[in-house]
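Hello,

I am passing a structure on to you, shown just below. My notes on what was found in it follow.

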Amino acid sequence: MWTTRTRGGVPMQHTKRTPARAEHGARLDQLNQMLKRCSSGNFSTVLVSGPLSSGKTTLLHAFSEYAVTFGAQVLSAYASHAEETFPFGVLEQVFQNCGACLPHIQEAIASWMDEQTGDPEASTERDRREQLARALGRTILQSLQDLADQQPVVIVIDDAHYSDQLSLQCLLHVMRRLKTARVLLVLAEGDHLAQLPRTFRTELLRHRNCQRVFTELLSPAEVFALLAAAFSPATAERLSEPFYQISGGNPLLMHGLIDDARTDPPPADGQFHPGAAYERAVLDLLYRSSYPLLENLTKAVAILDRSATVPLLGQLIGADLGSTAQAMAALRSAGVLEDSHFRHWAMRAAVLNSMCADEVAKLHSEAAHLLKDAGEGAALIAPHLVDPEETQPWGIAILRKAAEEALGEGELKTAICYLRRAHEACTDDRQRATLASLLISTEWRSDPAGAAERYLPELVSAVHRGLLNGISAIRTSSHLLWTGQVAEAMDILRSLPQDDGAVFTGDTPTADGVRRWLPYLFPGLSAHSAPSLADPGPLPAQESPSASAWAPQHRAVAVLDTVLRSGFSEQVLDMSEQLLRGTRLDDKTLVPLTIALNALVWGDRLHIAESFCESLLKAAPHDQAPMWHALFAVAKANIHFRRGELFEAERSAQTSLRLVSSEGWGVAIGMPLSVLIRTAVAMGRYEKAAAYLTTPVPAAIQQTLFGAHYLFARGYYHMATGECEAALRAFRATGELVAAWQFDNPTIVPWRSSAAQVHLCMGEQEEANALILEQLSLLRPEQHRARAVTLRAQAATEPRHLAIPLLEEAVDLFTRVGDRLELAQTLADLSHTQRMLHQRDAAEVVADKALKLASACGADPLKAILIPMTNGDVRPAGFSPHSPHPLAALSRAEQRVADLAAQGYTNRQISSMLHITVSTVEQHLTRIYRKLSVNRRSDIGSQLQLVNSGAY
């Protein structure tokens, strides 16, 4: 015996039995006892009943084998629905292996057949037929008695409910007259639909020596025993529960699962997925009975799925309510159905796979009509409108409504499926264009580039043809702007009527309402380039009740206006926080919520921003709205970068590009790229940063705030790699853009302090001073980060004793906002300045703290500077703490000239080797002397040696 286990509260005691014995031990014992009783001279009958494929046939085979070993003559037959109308077909099967009886039986049957020439309805003919049947019955009775005198006789008829009527009449004749013969009659029937005729069944059960044997589905304990016999107790422990759930305890399905598990063993910690053997078992179970009603019903159940009800199923297959209910009961008792649907998805899949496409489409179409007539909702009807080749006009409306409901439930793929089907089937041009507008917005969540490619040409054409207006036309212009097709977007917006400053017409945003966004999200579209898109005026003092759904957009406009024009304030940050707390994420609120989130990031409320970011990521599931998820992943990357968490920033920004391709980002590609470039530079991964800079970006990006950030990141890269002229051009270009847009705000893009650092590397002190003072004048006291950045830059322009308090204030401010990277860089500057003032002890303490922070951030270039500083090394006069090493100030061309000059080559030789003029070489050398703070050609080599030795 194996140990007793409990599963689902049911004790499970397992014994080592063969599969047949394990499934039918008690029932087989019951039949064996009946045979022993019969052998003593008592004619007996047994009726075996049970659900479909519950093991009746297996039980009969096992009993027949036992009867042979017992010494009985076994006569068997298998009744079939296909031969149900063949006269005496079952009787011939019963006696076909009995050589002594068969000739007499066949002769009697032939005589009966020869006499069937008259009208079967005539009374005289009926009397004659009955006389012949009785004569045949007497022949059969005599044959059985003769056989039973020699040995016990067992007659086994499987699926007896399909027996022909004449064979059953003869069996009744025998049952009434056999008393003491050693004959055992065993009949097997199904349950519910598959039962013997009522008259025959009633008389059989009234027989004094009749017993009933019920086959049942496997219990959890029996499932365990089967699996243990097929594999091992350990495997059975792991698989018995899922196998029981999948099979419902049906033996046929269980054996299919076992075959699949042998072919493809399930992983130890993974779920088991039924395979081909299980699918074959499902079809064998459902179709082996050849009962048309049952076959049709299983197909209808597969089509209707969760919307199936008994009345609806009956209407779909054309059956009356009683017959449908009986067939459903048969499927439930077989473990196939739970309520009115398949107990496991693999069962439904097996049935659907067995049907041809035309049959599936036809049944879906009929189901849709039935559900519509029954007044069911769109969500139930829509699944049946996807497959049919033709969809009625009413079906288009249902598909659209179901798509909207699916979006509300977060089922993006379902919504797209319904909208695509409606768009494909629609023949009305105006309605089709509206569906395309809904599709592009819906598919934008997961595939922005593909959605634009599929639908924008159709939408632009529809707008120009007057088929689209209002929100659909506005949505089209927005997608054109996203993809960088500015001219086309402007054409559409210019064609829309002015609304006299109204933001809503009913509950629909007007063109003027959308125009309010353009100066902020696409500031390059100035009044000069698009005069008809001028600011429609201030927002109304009170929003109309119909506009409540769009109120977050109004508040976000106010946040943007304040932040971009004058920087953040406590008031605007509080407004952003309130917007995030009180607004549910959906298509209308995505942009406002993203703006409010970024406002908190710009305002250094990083902990609060991170909390909201996590909440929004949960509200935008990865598989349902990748574009939403990607937008919030970029916000998260910005949070990490502003904390100096470079590895996390890189990971989040890369996630955003994995979720949505660079083409899908459109003009917003500047968001993830700017973070990735600056992060790679800060980590010293200059080749990776250069690779990000080669990513194609739309030309229209220059007209967006995303483009300003991207251009600023480009300057950051050039500054770090010593390309001062390129860096300065990028920073100046950034400044020109934001100035033209009237967004020249250091809290968003501190281009002046960065440009000042480049000027300092080039020895241009006055230019640096002017930029720093200008940036200081633009700041308010509460703008801590931008002020700290500016103070750090200012410290580099002041005498050392005046730089100390500036750097210490910057340290306090960076500590307050929690930016470890900027704090480490400022501490490095402070340590260097202290060392120059001979404050060695303080300098080493500060440098050690800076090194720990730089290591935690992963800022390798800064670490390379700080490691020697913590060992007490003194920097040469040419050291600039604002760049990784003195040579960082040199452009690549200057570095090549410096290398050759240090090796002793003359100006003419360098000119020839680098294919430049001698005058150019001389100009390069002049700048090299200034940047490296050397006066002679020979000093270049010593500076290079210091760098190569790690002194810098």
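This is a predicted model: local features need pLDDT of at least 70, side-chain atom pairs count only at pLDDT 80 or more; totals for chains, interfaces and linings use all residues.

Strand 3 and strand 7 (residues 210-214) run parallel to each other, paired over five bridges. Within this pairing, valine 48 has valine 213 of strand 7 as its bridge partner. Strand 3 also pairs in the parallel sense with strand 6 (residues 183-189), over six bridges.

Strand 3 covers residues 44-49, and six of its six residues are buried. Ser44, Val46 and Val48 are buried on one side, and Thr45, Leu47 and Ser49 are buried on the other, so that both faces are covered.

The other element I looked at is helix 16 (residues 357-373). Its 17 residues should span 24 Å at 1.5 Å a residue, and the end C-alpha atoms are 24 Å apart, which agrees. The buried residues of helix 16 are Val360, Ala361, Leu363, His364, Ala367, Ala368, Leu370 and Leu371. These pack against helix 12 (292-304), helix 13 (310-317), helix 15 (345-353), helix 17 (378-381) and helix 18 (393-408). After helix 16 comes glycine 375, with a positive phi near 80 degrees.

As for the whole chain, it has 47 helices and eleven strands. Of its 952 residues, 55% are buried. Contacts between residues at least 6 apart in sequence join residues at least 24 apart in 66% of cases. The accessible surface is about 41,100 Å², and carbon and sulfur atoms account for 50% of that surface.

Regards

Key: Residues are numbered from 1 along each chain as its sequence is written. Side-chain values use heavy atoms; hydrogens and water are left out. Helices (H or I, at least four residues) and strands (E, at least two) are DSSP runs, numbered from the N terminus. Buried means under 20% relative accessible area, exposed over 50%, partly exposed in between (1.4 Å probe, protein chains only). Contact means heavy atoms within 4.5 Å. Accessible areas come from the Shrake-Rupley method with a 1.4 Å probe; for residues, only the protein chains shown count as cover. The expected span of a helix is 1.5 Å times one less than its number of residues. Two strands pair if DSSP finds at least two bridges between them.
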